Amino acid sequence: MSDRSGTHLKRRHAELLVALDDERHLGRAAERLHMSQPAASKALAQLEEQVGYALFERGTQGTQPTYAGMVMIRHARNGLGAARRVAAELRAAQERGASLL
């Protein structure tokens with residue numbers, strides 16, 4: 001497949017990757033994210049097209065991440081965790097009365 005290095009991972013895509021990894025089922029992942037299964041399927045297909053690799057193998061027993069999927073999931077978890085830590089740090093600074101401007 002094509003080289004798509006530098007691809008930006010949107011928050012919603014990161015959340016979908018993590019939910020799919022946790023749930024191993026597209027319908028349950030979609031429900032967890034308050035989206036329809038067709039919307040989740042479309043978002044995953046768009047992300048796979050964007051990065052140029054299949055991220056999950058789909059089967060009767062649910063979804064299993066490919067190697068590329070595992071790499072993307074790890075980065076998605078790291079990115080979402082970093083965003084939560086930044087938000088928490090900024091809230092704490094604001095509560096202490098720090099100027100955030």
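# Briefing on the predicted model

Thr63 is buried, with a relative accessibility of 4%. This residue lies in strand E2 of a model that is predicted.

- Apart from its neighbours within four places in sequence, Thr63 is in contact with Leu20, Arg24, His25, Leu26, Phe56, Glu57 and Arg58.
- Strand E1 covers residues 56-59 and strand E2 covers residues 62-65.
- The two strands run antiparallel and are joined by 4 bridges.
- E1 and E2 make a hairpin, with 2 residues between them.
- Phe56 stands opposite Pro65 of E2, and Phe56 is also one of the residues that Thr63 contacts.

**The nonpolar core**

- In soluble globular proteins, nonpolar side chains tend to be buried together.
- Here the largest nonpolar core has 22 residues.
- Leu16, Leu17, Leu20, Leu55 and Phe56 have the most contacts inside this core.
- Two or more core residues come from each of helix H1 (11-23), helix H2 (26-32), helix H3 (37-51) and helix H4 (67-95).
- H1 gives the largest share of the core, 6 residues.
- Leu17 is in contact with Leu9, Leu47, Leu55, Phe56, Met72, Ile73 and Ala76, leaving aside its neighbours within four places in sequence.
- Leu20, among the residues with the most contacts inside the core, is also in contact with Thr63.

**A nonpolar patch on the surface**

- Val86, Leu90 and Leu100 form a nonpolar patch on the surface.
- Together these three residues have about 260 Å² of accessible area.
- Leu100 is located in the segment after H4.
- The relative accessible area of Leu100 is 45%, so this residue is partly exposed.

**Salt bridges**

- Side chains of opposite charge can pair when their charged atoms come close.
- The structure contains 9 salt bridges.
- One of them joins the side chains of Arg12 and Glu15, at 3.3 Å from N to O.
- Arg12 and Glu15 both lie in helix H1, where they are 3 residues apart, about one turn of the helix.
- Arg12 is partly exposed, at 39% relative accessibility.
- Asp22 and Arg32 form another salt bridge, with their closest N and O atoms 2.9 Å apart.
- Because Asp22 lies in helix H1 and Arg32 in helix H2, this pair ties together parts that are 10 residues apart in sequence.
- Both partners are partly exposed: Asp22 has a relative accessibility of 41%, and Arg32 has a relative accessible area of 37%.
- Glu23 forms a salt bridge with Arg28, and the closest N and O atoms of this pair are 3.8 Å apart.
- Glu23 is partly exposed at 25% relative accessibility, and Arg28 is partly exposed with a relative accessible area of 43%.
- A network of salt bridges links Asp21, Asp22, Glu23, Arg24, Arg28, Arg32 and Arg77.

**Residues with positive phi**

- Most residues other than glycine have a negative phi.
- Arg24 is not a glycine, yet its phi is positive, at about 55°.
- Arg24 is placed in the loop between H1 and H2.
- With 28% relative accessibility, Arg24 counts as partly exposed.
- Arg24 also belongs to the network of salt bridges and is in contact with Thr63.
- His34 is not a glycine either, and its phi is positive, at about 60°.
- His34 is found in the loop between H2 and H3.
- With 75% relative accessibility, His34 counts as exposed.

- Glu95 lies in helix H4.
- This residue is exposed, with a relative accessible area of 68%.

Note on methods
Residues are numbered from 1 along each chain as its sequence is written. This is a predicted model: local features need pLDDT of at least 70, side-chain atom pairs count only at pLDDT 80 or more; totals for chains, interfaces and linings use all residues. Side-chain values use heavy atoms; hydrogens and water are left out. A nonpolar core is a set of buried Ala, Val, Leu, Ile, Met, Phe, Trp, Tyr and Cys residues joined through side-chain atoms within 4.5 Å. Buried means under 20% relative accessible area, exposed over 50%, partly exposed in between (1.4 Å probe, protein chains only). Contact means heavy atoms within 4.5 Å. Two strands pair if DSSP finds at least two bridges between them. Patches are made of residues with over 30% relative accessible area and no salt bridge: like charges are joined within 9 Å, nonpolar side chains (Val, Leu, Ile, Met, Phe, Trp, Tyr) within 5 Å. Accessible areas come from the Shrake-Rupley method with a 1.4 Å probe; for residues, only the protein chains shown count as cover. A salt bridge is a side-chain nitrogen of Lys or Arg within 4 Å of a carboxyl oxygen of Asp or Glu.
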